[in-house]
Amino acid sequence: MPRQLAVLAVLFLILPIPSSEAAESTQAPDYLNQDLRARVEKLKSDVQETPTDPANQTQRARVLWDWANAFALNGGDLPVNLTAVLSRALVYPERLLGRETNLDEYVEELSLHDEQPDAIGNLVADLGPFSAGSYVTLKQTYTVGNKPIQPGGGFLIARHFMPNYGRWQSTAPDEDNYISITSSNSDVSFSADTIPVQGMHGGFRTSIGTLVFRVAAGTLHTGDQVTITYGDTSGGSRGLQMATFSSDRMPFPLYLAFGSGGHFHTLPIQPVVVTGAGVAGVHGFAPSIVATNEPFTLSVRAEDENYNRAAGTLPAWKIFLNGEQFRDIAPGGKAITLVDGIKLTEPGVYRFSIENADGSIRGDTNPILVEDNPEQHIYWGDTHGHSGFAEGVGTPERFMTWARDDARLDYVTHSEHDLWMDDYEWEVLRQNVREFTEEGEFIAYLGYEWTVNNLHGGHHNVLFRTPERRERIPVQSFPTLSRLYAGLRASSNTEDVVVIPHAHQAGDYRQNDPELEPLVEIMSQHGNFEWFGRMYLKHGHQVGFTAASDNHLSQPGYTAPMGGSLSQRGGLGALMAKEKTTDALFDAMKSLQAYATTGDRIIMNLRVNGTEMGQRAPFATERTITGRIIGTAAIDTITLVKNDEEIWQQDYFGNENDRIFAEDSFLLSFASDSKPLNSGDNPRGWRNWRGTIEIANAELLHATGQDFHNRFFQSLRVDVSNPNLLHFATQSRGDTSSILLELSGIRRNTILKISLESSRETGGGPPIYRQPQNIDAAEVTLAVRDLERGRSVAHLQVDDYTDRIVLRRVVTEGVQDVRFEFKDTGEREGDYYYIRVRQANDAQAWSSPVWVGGYPKL
């Protein structure tokens, strides 16, 4: 929907209907009220007389903040970094903003729109659709408005920092990603230049050189047209390589300067559409728990290699249930097929699988537990994700559609950064919650991400039970965690608010409002951060665990890894409730009836003396811990944690037999910690593991990456000349990344020689104390004869961190459904227990704790 039409829809909902007298008036009303208009005019005058400095910055930023929100509500396109710049000006008033974030230039830009609305002309583009990852030619054409473009002015060809489209260039017409510029005015010529750009359309946290086409001769006048061609093939280029993810608004940002040394003004981003490529995979979604004879829906989703909905002709699908053929889907259908009305008549665990006719494409669904009278159901959701309203890509409508249809989530929150959010965008999020929520089917919660650095409290997602009369408590006015808590308490009933801190920009685990903050996010695309939840528990806070995606591509709940910090699949939060309604799921969050997974829909149950996770059991010195895990793959280990200490672990996948067999299976795992060394710092970044693995004195039969979902940064291949040599690359951040090895001809002198290349830690929030480290190359040898109880560990020191490479003998087929019981004793009130589950495919899940006796903080 064009922004202007969306504005009309929003304004219709939030503004009073005008009187007939007003409707008859031919003069357009001022979009600023009388008081704000006076303040804005004074701001314009003040900026003309005196540049902004530390003494007047805060007052001017406050006026500009109110002006910007009114402008956005009136249908204007704000400069992409303006709200973030204003946030910094208001939150950190002691800092004078630099040249790239000069408040006075933003006053100039809004003044131009205010006083000369026709100064900026019209921009149109080829909107596609284009196929993800393909080579394309795309044109954007600007028609000059009433303000001419003089020599030295021109067009900034900015890049959004998030998409992985090709690195464009303007110097080699025969090479990929060549960009050219032409004009309908034959008297005008252009020259290419670069300028440093920081922010969403530049280097994000640092400046990078960005292409500018400047007018070298002549002047562009009203009505002249300028065309920028991305992927110009006239000189032999293959074109521009499109980003690998689909989107309904792939950004190709352009900025305009009217003269030499002038400010670059924002042009509206055009809604370029990118669709998925050909089918490369299939995945199924089903409810986790259903009652016998309860009808349910199986969703079958055809996808390309990057998790996009597949395009083109789709094959026929065969659906199997517990290994037996169940149903067929005819060829040529849609990417998403819903199989409705399925009923299972007997209790038990059921698993669907899907494949094409020749079995070359195959996928599974999550397990389904069928019970006669289930006490609760498990509902899956994502409380943390972004679109193009913040520093991401895509529209809010795409975000919600993906959550409901592609990820088959039960609940979701579109939690945009308040750092980048204006009032118009907040109203759109509110309206989307109303439009997409359907009780019993799909629940959307209004929310946002309170965004401040960890020295001021860290990032926290804020969710509201209902969208009605909910105003965000933004960082621009509430810049510390204690003020956020106070603002939420003053504006809302605490029963109607959930606050969830996360570790990427680490929340302050010393602080917790027990009535507002019941859950802690311990996993996302940024990595695994179990330590973060443990720190909250160590400080005595009664919190449960959840996970989310923090996806920035409008893909909540089912997320392909990208690069940088977002290098793994997104997580999921499980809620246990009797029904799928707004109140039931929100109450489950408030009551800690929740657990976290790394994205696999693992069924988990934990009880201590019969009390379920997230609750507080009556005090007893004798404790019986019981549970059941139904995995999506073979279960590796279940670990029980008590008061921050691992007290019990059961290994279901490892083979502790120390005998040497001629043919055997081994799991080679690479692990690194993410917990910061200094309290208050952000987590350690990704450890990048690259190198070779050579098998000596045995034969390599097969090698399979267990969690190798990131095809941009993870790879595994056999050397073309040495079948016993593997080349690999993978990453870890608070987790393990494993390779399953099947060997034959094993002898006592069989060894694995691992040669690690030098690397550097990457990703993560801005560090405060410890900077990302360069890691030296290393040689590691693991011998089969040195396995003790089926395991051998090599330790690698990186300053004060100890990273690990673990070789384990494993069983050929594991179990996916286990029950466990452990007896413990304790004399202390308030002991807490939780479990961590690790699967053979490196997926993990964490229960919320159960407390025994004691009292929660008030």
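1. Strands E2 and E14 (residues 272-275) run parallel and are joined by 2 bridges; strands here are DSSP runs of at least two residues, helices are H or I runs of at least four, and both are numbered from the N terminus. Two strands count as paired if DSSP finds at least two bridges between them. Within E14, Val 274 is the bridge partner of Phe 130.

2. A word on the source before we go on: this is a predicted model, in which local features need pLDDT of at least 70 and side-chain atom pairs count only at pLDDT 80 or more, while totals for chains, interfaces and linings use all residues. Residues are numbered from 1 along each chain as its sequence is written, and side-chain values use heavy atoms, with hydrogens and water left out.

3. Which strands make up the open sheet, and in what order? There are 3 strands, in the order E2-E14-E11, with mixed pairing. Strand E2 (130-131) and strand E11 (247-250) are the edges, each pairing on one side only.

4. Now look at strand E48 (residues 736-744). Of its 9 residues, 8 are buried, where buried means under 20% relative accessible area, exposed over 50% and partly exposed in between (1.4 Å probe, protein chains only). Strand E43 (residues 663-671) runs antiparallel to E48, with 9 bridges joining them, and Glu 663 stands opposite Ser 744. Strand E45 (residues 699-705) also pairs with E48 in the antiparallel sense, over 6 bridges; here Gly 705 has Ile 739 as its bridge partner.

5. How is H3 covered? Its buried residues are Leu 36, Arg 37, Val 40, Leu 43, Lys 44, Asp 46 and Val 47. Helix H4 (57-73) and helix H6 (103-115) are included in what covers them. An α-helix has 3.6 residues a turn, so residues three or four places apart point the same way.

6. Finally, the interior. A nonpolar core is a set of buried Ala, Val, Leu, Ile, Met, Phe, Trp, Tyr and Cys residues joined through side-chain atoms within 4.5 Å. The largest core has 93 residues, of which Leu 64, Tyr 448, Leu 488, Ile 629 and Ile 638 touch the most other members. H4 gives the largest share of this core, 9 residues. A second, separate core has 42 residues, including Met 250, Phe 258, Val 272 and Met 562.

Key:
Contact means heavy atoms within 4.5 Å.
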